[in-house]
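Hello,

Here is the structure I promised to pass on to you. Have a look at it first, and then read on for what I found in it.

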Amino acid sequence: MDNERIAELFEGLGPVCIRKLFGGKGIYFDGVIVAIVLRGELLLKADEQSASEFEAAGCRQWTYTGSRHGKLVAMPYWSIPDSAFDDPDEMTVWARRAYEAGRRAGK
């Protein structure tokens, strides 16, 4: 996903800053990380307060198997509902949720 498309998706939230992160990209708004792009997939930040909304929308959480212990590790990033990619208003709602989760995390 190129930076122009990322900026377009987050227009409703405001101007975002895109930086290299984890071999992917970190997307920041107002100094707060709101999303990442990993292996070409855009994932939004969530927390205990917002994760249930992502789950209810059929989104999936980013998980991986830890190399040291072989256990599944769940990260605080979730996929975006497919419909949000084509609906700027819906994408703005999800982006705001991600921003609020980032603010609550203090990062």
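**The cores**

The largest nonpolar core has 25 residues, and those touching the most other members are Phe10, Ile27, Val34, Leu42, Leu44 and Met91. By a nonpolar core I mean a set of buried Ala, Val, Leu, Ile, Met, Phe, Trp, Tyr and Cys residues joined through side-chain atoms within 4.5 Å. At least two residues of this core come from each of helix 1, strand 2, strand 3, strand 4, helix 2 and helix 3. Helix 3 gives the largest share, five residues. There is also a second, separate core of seven residues, which includes Tyr28, Ile33, Ile36 and Trp62.

Before going further, please keep in mind that this is a predicted model, in which local features need pLDDT of at least 70, side-chain atom pairs count only at pLDDT 80 or more, and totals for chains, interfaces and linings use all residues. Residues are numbered from 1 along each chain as its sequence is written, and side-chain values use heavy atoms, with hydrogens and water left out.

Helices (H or I, at least four residues) and strands (E, at least two) are DSSP runs, numbered from the N terminus. Buried means under 20% relative accessible area, exposed over 50%, and partly exposed in between (1.4 Å probe, protein chains only).

Setting aside neighbours within four places in sequence, Leu44 is in contact (heavy atoms within 4.5 Å) with residues including Phe10, Val34, Phe54, Trp78, Met91 and Trp94.

**Helix 3**

Helix 3 covers residues 88-105, and its 18 residues reach 25 Å from the first C-alpha to the last, close to the 26 Å expected (1.5 Å times one less than the number of residues). Its buried residues are Met91, Thr92, Trp94, Ala95, Ala98, Tyr99, Ala101 and Gly102. Among the elements covering them are helix 1 (3-9), strand 3 (32-38) and helix 2 (51-56). At the start of the helix, a side-chain oxygen of Asp87 comes to within 3.0 Å of the backbone nitrogen of Asp89. Just after the helix, Gly106 has a positive phi of about 75°.

How many residues of strand 3 are buried? Seven of its seven are, so by the cut-off above the strand is mostly covered. Strand 3 runs antiparallel to strand 2, with five bridges joining them, and antiparallel to strand 4, with four. Two strands count as paired if DSSP finds at least two bridges between them. Val32 is the bridge partner of Phe29, and Ile36 stands opposite Leu43 in strand 4. Both pairs form hairpins with two residues between the strands: Asp30 has a positive phi of about 55° in the turn of strands 2 and 3, while Arg39 takes one near 55° in the hairpin of strands 3 and 4.

**Ser79 and the cysteines**

Ser79 sits in the loop between strand 6 (72-78) and helix 3. Is Ser79 buried or exposed? Ser79 counts as buried because its relative accessibility is 8%. A polar atom of its side chain lies 2.8 Å from the backbone nitrogen of Arg60.

The structure has zero disulfides (pairs of cysteine sulfur atoms within 2.5 Å).

Best wishes

Terms used:
Polar contact = N/O pair within 3.5 Å; in protein donor to acceptor, adjacent residues only side chain to side chain.
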